[in-house]
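Morning, everyone. Please have the sequence and the 3D view open. I'll go through a few pairs, then a sheet, then a loop.

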Amino acid sequence: MVNIQQAGTFKLGNKTINRMGYGAMQLAGAGVFGPPKDKKEAIAVLQTAIESGVNHIDTSDFYGPHITNQIIREALHPYAKELSLVTKVGARRNEKGDWLLALSKPELIQAVHDNLTNLGIEQIEVVNFRAMFDPYGPAEGSIAEPLSVLAELQKEGLIHHLGVSNVTANQIEEARSITPIVCVQNQYNLVHRRDDALIDLLAKEDIAYVPFFPLGGFTPLQSSILEEVAISLNATVMQVALAWLLQRSANILLIPGTSSTKHLQQNLSAAELILPSEAITKLNNIAVDI
């Protein structure tokens, strides 16, 4: 059994969680829409993750839509007390699977209730508000209005903690003026490193940073340097990329996703991989957008 606790822990809200978590997006069908090809395997992935010590699962009710959360409920409910279920709102899907903005007060309220219903819980541990001024990356613009709606739902007890996603440093400060923020979820990996300074700033504030697409997302990471380091360490390129993130900063929480138990175990094994300093130096040189 993989020892994911070797990667350490960090606070998410008022819970201390293992830094190696799991992202549930790939449990839905192609294009994150519709049911998975193999529901039994999807359930097995979730159960194996929990058995391996994962206590942080990232999801959203617009995965599917609804399907991923329903699979999580079927596989894991009633949930272990130490499990943190983290979701996000700010978008929705139509019957064709298109991604649409969902930022109005009624849409945000409905999104929170949909997550509660499909997960089978009375309170969501963390809800991330995803800014959508630019779907391809953070862009300036006020997030005060939608975040205030979520802060009201937090006061009602439907949400325990709030986070933000796809945001700039200015938007994080705006959010923190409205309500405490426990995590920031932006794109970040070995190649995409625009948030280097932001990660260090958040670490000083004890705020978790959760990189989405830690392995490149829809465009998997490719680098001759990465391959060279992986071969030298008898590891996969994905394990090296995840290990680099774990060693980058103690406030980084990982949520690599997969629909395969085999790939899940490979990802989790990155928690046991210690990169030597010379490997880190080589890997640091492949970033393209610092």
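Lysine 39 is partly exposed, with a relative accessible area of 40%. Here buried means under 20% relative accessible area, exposed means over 50%, and partly exposed is in between, using a 1.4 Å probe and protein chains only. This is a predicted model, where local features need pLDDT of at least 70 and side-chain atom pairs count only at pLDDT 80 or more, while totals for chains, interfaces and linings use all residues. Residues are numbered from 1 along each chain as its sequence is written, and side-chain values use heavy atoms, leaving out hydrogens and water.

What does lysine 39 form a salt bridge with? Its partner is glutamate 74, and the closest N and O atoms are 2.8 Å apart. A salt bridge is a side-chain nitrogen of Lys or Arg within 4 Å of a carboxyl oxygen of Asp or Glu. Lysine 39 sits in helix H1 (residues 39–51) and glutamate 74 in helix H2 (residues 67–76), so the pair ties together parts 35 residues apart in sequence. Helices (H or I, at least four residues) and strands (E, at least two) are DSSP runs, numbered from the N terminus. Glutamate 74 is partly exposed too, at 46%.

Next pair. Glutamate 125 forms a salt bridge with lysine 15, with the closest N and O atoms 4.0 Å apart. This one links distant parts of the chain: glutamate 125 is in strand E8 (residues 124–130), lysine 15 is in strand E2 (residues 15–18), and they are 110 residues apart. Is glutamate 125 buried or exposed? It counts as buried, because its relative accessibility is 10%.

Now a pair within one helix. Glutamate 173 forms a salt bridge with arginine 176, at 3.8 Å between the closest N and O atoms. They are 3 residues apart in helix H5 (residues 169–176), so about one helical turn separates them. The whole structure has 11 salt bridges. Arg193, Asp196, Asp200 and Arg248 are linked in a network of them.

On to the sheet. It is open, with 7 parallel strands in the order E3-E4-E5-E8-E9-E10-E11. Two strands pair if DSSP finds at least two bridges between them. The edge strands, E3 (22–23) and E11 (208–209), each pair on one side only. E3 is joined to E4 (residues 56–58) by 2 bridges.

Last, leucine 103. It lies in the loop between strand E7 (99–101) and helix H3 (105–119). At 33% relative accessibility, leucine 103 counts as partly exposed.
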